[in-house]
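Here is a short briefing on a ligand site and a few backbone features. Have a look at the structure first, then read on.

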Amino acid sequence: MALRSRILGCGSYLPENIVTNEELAKTVDTSDEWIVARTGIKQRHIANEGELTSDLARKAALKAIEHAGIDVQDIDLIIMGTTTPDNTFPSTATKIQAQLGLTHGFAMDVQAVCSGFMFALATADNFLKAGQGKTALVIGAETFSRLLDWEDRTTCVLFGDGAGAVILRAEESDGESAGILSTHLHSDGQHQDILMVDGGPSSTQSTGHVRMAGKEVFRHAVVNLAEVVKEALEDNNLTAEDIDWIVPHQANKRILDGTAKKLKVSTDKVIVTVDQHANTSAASIPLALDAAVRDGRIKRGDLLILEAMGGGLTWGSALIRW
Ligand code: ACO
């Protein structure tokens with residue numbers, strides 16, 4: 001018998017303020033037609049002034065705790081994927097720990113941009129499998145709008161704010177039971193310039209703005225995402241036909257379709273929220289997962305593949321028996 005991390009519950013939160021493509025087109029030279037055709041995005045949620053990443057994260061976490069039916073004091077570790085922490089330090093995860101009234105265990109942020117949730121999930125999974133804690137809260141949360149140059153139409157139309165969370169519990173597994181079957185992470189820093197923020201505490205002492213070579217990122221995304229899904233399937237002696245749901249990072253509908261096509265998986269099996277949420281970076285996978293669990297599409301026993309790519313470049317996947 002080995003330990004396996006089972007997802008006991010999930011939750012998510014989106015800021016109330018919705019900004020449609022038409023509204024954006026009033027302030028930047030773009031159009032609803034262009035944004036929908038190139039990305040599939042119709043609207044995004046944007047945090048109000050004073051609404052912090054920790055506020056979104058806490059609300060998502062509380063919903064996940066309720067959905068999982070656990071006592072908040074059961075949580076041993078909090079791992080949070082975010083690129084938009086409230087402060088440079090301390091980590092936003094430690095803020096959440098305090099807000100939840102926890103003083104035991106440990107909490108930390110993980111920085112892998114749009115792959116942040118994959119990296120946070122894999123980190124938590126490995127701590128649990130190593131026996132260093134029994135119950136983990138894993139969060140992906142962003143106020144990505146704070147990193148955008150609202151005069152740069154090539155980036156500002158693509159992103160939104162939000163948060164999602166899951167509760168993991170280490171359980172003895174006979175190999176057949178539900179839980180995370182494997183995680184696979186990668187990075188290649190040679191491509192850091194194609195997707196980056198042009199500021200930071202050490203370089204400019206400022207936050208900076210997102211800069212992106214969109215076409216380059218697109219090209220890497222479809223190749224890397226298909227590869228890391230194949231790697232996960234092969235590692236578990238499964239094939240693409242076994243997949244019930246792809247729960248992808250929501251960057252662009254064309255990337256979702258391109259990856260599904262490369263894998264020869266029907267687009268009907270892809271959970272899509274990018275039209276409603278845009279790209280919420282580390283929050284996008286748990287937001288999509290929560291939507292599909294709560295509307296009943298994802299059912300116990302289903303095989304899910306989660307996958308993401310982001311700045312770094314970083315990319316990864318998690319194969320999960322729900
Ligand atoms: N509105 C109107 N026109 C625009 C806009 C806009 N918002 N943005 C760019 N354009 C124009 C460009 O200026 C260009 O005009 P030109 O031909 O006169 O020079 C034209 O549209 C085409 O621009 P491209 O950059 O060639 O458009 P492309 O088809 O590559 O689409 C996009 C751009 C949507 C950014 C695409 O490259 C993409 O999705 N890349 C992936 C990037 C991504 O999702 N990054 C997120 C983070 S990483 C991740 O999550 C995987």
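**The ligand and its surroundings**

The ligand is surrounded by 24 residues, and the closest are T30, R38, K215, H249 and N252; a residue counts as near if one of its heavy atoms lies within 4 Å of the molecule. Please keep in mind that this is a predicted model, where local features need pLDDT of at least 70, side-chain atom pairs count only at pLDDT 80 or more, and totals for chains, interfaces and linings use all residues. Residues are numbered from 1 along each chain as its sequence is written, and side-chain values use heavy atoms, with hydrogens and water left out.

**Polar contacts and cover**

- T30 places a polar side-chain atom 2.6 Å from a nitrogen atom of the ligand; a polar contact here is a pair of N or O atoms within 3.5 Å.
- R153 takes part through its backbone, with an N or O atom 2.9 Å from a nitrogen atom of the ligand.
- K215 has a polar side-chain atom 2.9 Å from an oxygen atom of the ligand.
- Of the 1000 Å² of accessible area that the ligand has on its own, the protein covers 76% (Shrake-Rupley method, 1.4 Å probe).

**Who builds the shell**

- At least two shell residues come from each of α2 (32-39), α6 (153-156), α7 (214-235) and α8 (253-263); helices are DSSP runs of H or I with at least four residues, and strands are runs of E with at least two, numbered from the N terminus.
- The helix that gives the most to the shell is α7, with four residues.
- Domain 1 (2-173) and domain 2 (179-321) each contribute at least three residues to the shell, with bounds from an automatic or database domain assignment.

**Backbone features to check**

- Most residues other than glycine have a negative phi, and most peptide bonds are trans.
- The peptide bond from F89 to P90 is cis, with omega near 0 degrees, and P90 lies in the loop between β4 (77-81) and α4 (92-99).
- G312 and L313 are also joined by a cis peptide bond, with omega about -10 degrees; L313 lies in the loop between β12 (303-310) and β13 (314-321).
- N237, in the loop between α7 and β11 (245-248), has a positive phi near 55 degrees.

Key: A polar contact is a pair of N or O atoms within 3.5 Å; within protein, one must be able to donate a hydrogen and the other to accept it, and residues adjacent in sequence count only if both atoms are side-chain atoms.
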